[in-house]
Amino acid sequence: MNNLAATFMENLIFVLEFLGLVAAMVIIAYVVEKLEKKKNGVKERTLTTRKIAMIGVFSAIAAVLHVMDFPIPFAPEFYKLDFSELPALIGAFAFGPVAAVMIEFCKIVLKLLFKGTSTAFVGDLANFIIGCTFLLPASIIYLFRKNKKNAVIGCVVGTLVMTIFGTAFNAVYLLPKFAELYGLPLDSIIEMGHVINPAINSVNTLVVFAVAPMNILKGGIVSLVTMLIYKKISPILHNTK
């Protein structure tokens, strides 16, 4: 906890930027849900007591899966794959975009409390914001017409958005910020990738050959598993027979 607090203070501006992005994601999700409720004449609150309780459950499961991350053979060791978006996507389909963002945020908070950060919060920001670029498109598309076809379309669109955004976000912001906070030249980070894949010789090739396939792999697996199990567990989540 002391190390986490020290890192927090050292990177206070970055953490504030992180929290600003969290707020932006919540606002986007909230506005979309309000519009959907207004369109359908639904007066239920966005966050009911039951939804809050379920967000807590899914956040805990997501945090466990997040901690169980693992390196991938085609990327430098600081890139790790996890499937914590699985409970978040299930929660997103069941309870909407706001729940999705809250699960992602609570997952990160729990991970930081129990494991801390090894990337000066850069990896944690990446996991949150890139996860949201997957969950929000998927859940918004499904929100307005809840059927299997829209669930599949949502997952495909979410995976594509996550891959495109994640690739660009790493190249433009995350990798330079990681290099800045760790005092590492970008060339050293690129060299880590070059050792694994000789085709990696710049920031652009690093994100194309490492980040893009990682996000496609994650989105594909999470989407497939969700499609296989969501219908079976949906009655339990909605407390119906």
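What percentage of the 241 residues in the protein is made up of buried residues? The share is 48%, where buried means under 20% relative accessible area, exposed means over 50%, and partly exposed lies in between, for a 1.4 Å probe and protein chains only. The model is predicted, so local features need pLDDT of at least 70 and side-chain atom pairs count only at pLDDT 80 or more, while totals for chains, interfaces and linings use all residues. Residues are numbered from 1 along each chain as its sequence is written, and side-chain values use heavy atoms, with hydrogens and water left out.

## Overall form

The protein contains nine helices and two strands. Here, helices (H or I, at least four residues) and strands (E, at least two) are DSSP runs, numbered from the N terminus. Their order along the sequence is α-α-α-β-β-α-α-α-α-α-α.

The radius of gyration is taken over C-alpha atoms, and the globule rule is 2.2 Å times the number of residues to the power 0.38. For 241 residues, a compact globule would have a value near 18 Å, and the protein agrees because its radius of gyration is 18 Å. Along the principal axes, the C-alpha atoms fill a box of roughly 55 × 40 × 30 Å.

Contact means heavy atoms within 4.5 Å. Of the contacts in the protein with a separation of 6 or more, 73% are between residues 24 or more positions apart.

## Surface and charge

The accessible surface of the protein is about 12,100 Å², and 70% of this surface belongs to carbon and sulfur atoms. Accessible areas come from the Shrake-Rupley method with a 1.4 Å probe; for residues, only the protein chains shown count as cover.

The protein has 21 positive and 14 negative side chains. Lys and Arg count as positive and Asp and Glu as negative, whereas His and the chain ends are not counted. The centres of the two sets lie 19 Å apart, with the place of a charge taken as NZ of Lys, CZ of Arg, CG of Asp or CD of Glu.

One of the residues with a charged side chain is Glu33, which lies in helix H2 (residues 12-40). Glu33 counts as buried because its relative accessibility is 2%. Beyond its neighbours within four places in sequence, Glu33 is in contact with residues including Lys51, Phe95, Pro97 and Leu143.

## Aromatic pairs

A pair of aromatic rings is described by the distance of the centres and the angle of the planes. Rings of Phe, Tyr and Trp (its six-membered ring) pair if their centres lie within 6.5 Å; planes under 30 degrees apart count as stacked, over 60 as edge-to-face and the rest as tilted.

The whole structure has nine aromatic pairs. Among them is the edge-to-face pair of Phe105 and Phe128, with 6.5 Å centre to centre and 80° between the planes. Phe105 lies in helix H5 (residues 97-115) and Phe128 in helix H6 (residues 122-144), so the pair ties together parts that are 23 residues apart in sequence. Phe105 is partly exposed because its relative accessible area is 24%, whereas Phe128 is buried, with a relative accessible area of 0%.

Tyr142 and Tyr230 also form an edge-to-face pair, with 6.3 Å centre to centre and 90° between the planes. This pair links distant parts of the chain, 88 residues apart: Tyr142 is in helix H6 and Tyr230 in helix H9 (residues 203-237). Both Tyr142 and Tyr230 are buried, and together with Phe93 they form one aromatic cluster.

## Residues brought together by the fold

| Residue pair | Distance along the chain | C-alpha separation |
|---|---|---|
| Pro87 and Thr226 | 139 residues | 8.5 Å |
| Pro73 and Asn197 | 124 residues | 9.6 Å |
| Gly219 and Leu160 | 59 residues | 8.4 Å |
| Ala171 and Val211 | 40 residues | 9.5 Å |

Pro87 is placed in helix H4 (residues 85-95) and counts as buried at 5% relative accessibility. Apart from neighbours within four places in sequence, Pro87 is in contact with Phe58, Ile61, Ala62, Leu65 and Ile103.

Pro73 lies in the loop between strand E1 (70-71) and strand E2 (80-81). Pro73 is exposed because its relative accessible area is 72%.

Gly219 is found in helix H9 and is buried, at 0% relative accessibility. With neighbours within four places left aside, Gly219 is in contact with Phe134, Thr159 and Met162.

Ala171 lies in helix H7 (residues 148-182) and is buried, with a relative accessible area of 19%. Not counting residues up to four places away in sequence, Ala171 touches Pro176, Val203, Asn204 and Val207.
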